[in-house]
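This briefing sets out selected side-chain and helix features for computational work. The structure is shown first, and the points follow by topic.

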Amino acid sequence: MKTVMTEESQERDKDGNEDGGRTPRRRSRLVAGVVLGALAGCLAVGAALMLLPPERPEVRPRPGPRPQAPALTTVTHGVPAALPDLVALIGDRTARVRARPQDAGSWAVLGSAYVEQGRRTADTAYYPKAEHALRTSLKVRPNGNLDALSGMAALASARRDFPAARTWAEAALKVDAGRWTTYPLLIDAYTGVGDYKASRLTLEKLQKLHSGPAVMARAAAVYWDRGWREDAAASLSDAAAAARTPAERAGWLERSGQLAWERGDLRVALRYFDRALRLDPDLRAAQAGQGRTLAALGRTTEALDAYRTALDKQPSPQFALELGELYESLGLEQAAGVQYDLLRTQVDSATEGGVDESLLLGRFEADHGDPEAAVERLRAEWGHQPGIAVADALGWALYRTGEYEEALEFAKRATDKDHGGGVRSASYAYHLGMIELALERHGPARRHLQEALRINPQFSPLHAPAAEDALRDLGEPPEEGVPEGAEWG
């Protein structure tokens, strides 16, 4: 830091008479204080700079088109981006913070880019890097740092820590209630903690502020949770049509494929996944979607190839679970076991990155491991963030341990519109039906098992056949006037 002096004060200094009213000793103390203050400010970012990847001149942006621009839109507006663009953005912001360590904005963008990189690659090692960059931004600019607050909310959601995501997003909202990009983060957080009313109200506020593709896609998710399947599909279709880049369009098409799969439109789902992959070959969620759909269509060899490629490029525990269950449905127990072991390894890695995989691990343990451990894990998750997905998983785990009455309470909560469970899920309906069957409530069990197969006849390579077997054992409903459970035919 330099002290600016006028020519007159400089002359006085030369004569040794005055120095802006300061003696040489007082001036030395002032300079020392300024230096110490600057050093204190630098300490907040020194450790962060040491953790950055080694500097590579070749990744510095060159004059001309900037490939990181679409990725910058991703981390600031919540739209999908291509992996090469994310890499370019990370390289660009890394170079910037090396050159200007006090650049809070660049630290925030770097952290948010790491969050998105972690999402896209299922490499949770990016999340500690993201947190370090975002907290460095907050140290450099502790007040009004909206970009860093939003980045921390996105990071918490990626780690499935929805209470923390809500706290960070609400803090960002206090800084600027008119910034629309905060509201999607709030919707994710409210949904994760099971506050569906707040999620819907937040969507209404968001739609008044903005109307772009990211808003349409967020609306689709809320509509789907409410059971508004046609509205959700239409909203995602509009988002894809309005997308500005191939990667963004691919992201919305992949989500459209997920919705088509959930409602049992297998060929439509496959077309969406195929189109998404043509636009963005790195979109492994679409590739796993291909595997899921191809398996349901009986194209098993192609399905296995799709799953293997997706897992090779993106080691997601969810993909490993799906592939393991496909192997198990084919009678390939050893191959299934390999995938289940891989799932456990991936969950351990995710935990190291700060990710809460209790929901997925609870689902896995209920069907393929230790159901009692699943109940314990999912009870804790329910206490932390009681969403409908957790209610469904806990109900199923309780069923697997023989606690049918309590299982029914949670299964009903997951499918009860009064508690936010409006989503039409074949899996949820199947779980409810099987629990009712165990309680010898044959009428409701038959209705819910039929509903599961009506929503999506191929919803699971293991559970869809089990639903068919259960219905076959139940037989036809009793004749009119004959009480359910009475002897008949």
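Apart from neighbours within four places in sequence, T181 is in contact with T76 and H77, contact meaning heavy atoms within 4.5 Å. The model is predicted: local features need pLDDT of at least 70 and side-chain atom pairs count only at pLDDT 80 or more, while totals for chains, interfaces and linings use all residues. Residues are numbered from 1 along each chain as its sequence is written, and side-chain values use heavy atoms, with hydrogens and water left out.

**Buried positions**

- T181 lies in the loop between α8 (162–175) and α9 (182–192); helices here are DSSP runs of H or I with at least four residues, and strands are runs of E with at least two, numbered from the N terminus.
- T181 counts as buried because its relative accessible area is 13%; buried means under 20%, exposed over 50% and partly exposed in between, with a 1.4 Å probe and protein chains only.
- The side chains of T181 and R179 are joined by a polar contact of 3.1 Å. Such a contact is a pair of N or O atoms within 3.5 Å; within protein, one must be able to donate a hydrogen and the other to accept it, and residues adjacent in sequence count only if both atoms are side-chain atoms.
- S235, in helix α12 (residues 229–242), is buried at 10% relative accessibility. Not counting residues up to four places away in sequence, S235 touches M216, A219, A220 and Y223.
- L343 belongs to helix α18 (residues 333–352) and is buried, its relative accessibility being 0%. Beyond neighbours within four places in sequence, the contacts of L343 are P317, A320, L321, L360, L361 and F364.

**Helix α5**

- Helix α5 (residues 104–121) has 18 residues, which at 1.5 Å a residue should span 26 Å; the end C-alpha atoms are 26 Å apart, in agreement. The expected span is 1.5 Å times one less than the number of residues.
- Of the 18 residues of α5, 17 are buried.
- At the N-terminal end, D103 caps α5, with a side-chain oxygen 3.3 Å from the backbone nitrogen of G105.
- A122 follows α5 and has a positive phi, near 60 degrees.

**Aromatic pairs**

- The structure holds eight aromatic pairs. Rings of Phe, Tyr and Trp (its six-membered ring) pair if their centres lie within 6.5 Å; planes under 30 degrees apart count as stacked, over 60 as edge-to-face and the rest as tilted.
- W396 and Y399 form a stacked pair, 4.6 Å centre to centre with 25 degrees between the planes.
- W396 and Y399 are three residues apart in helix α21 (residues 388–400), so about one helical turn separates them; both are buried.
- A cluster linked by ring pairs comprises W396, Y399, Y404, Y430 and F459.

**Salt bridges**

- There are 21 salt bridges in the structure, each a side-chain nitrogen of Lys or Arg within 4 Å of a carboxyl oxygen of Asp or Glu.
- E131 and R135 form a salt bridge of 2.9 Å, N to O. Both lie in helix α6 (residues 126–140), four residues apart.
- R400 and D367 meet at 3.7 Å, N to O, in a salt bridge. R400 is in helix α21 and D367 in helix α19 (residues 358–368), so the pair ties together parts 33 residues apart in sequence.
- R379 and E406 form a salt bridge, with the closest N and O atoms 2.8 Å apart. This pair links helix α20 (residues 371–384) and helix α22 (residues 404–415).
- D92, R93 and R96 are linked in a salt-bridge network.
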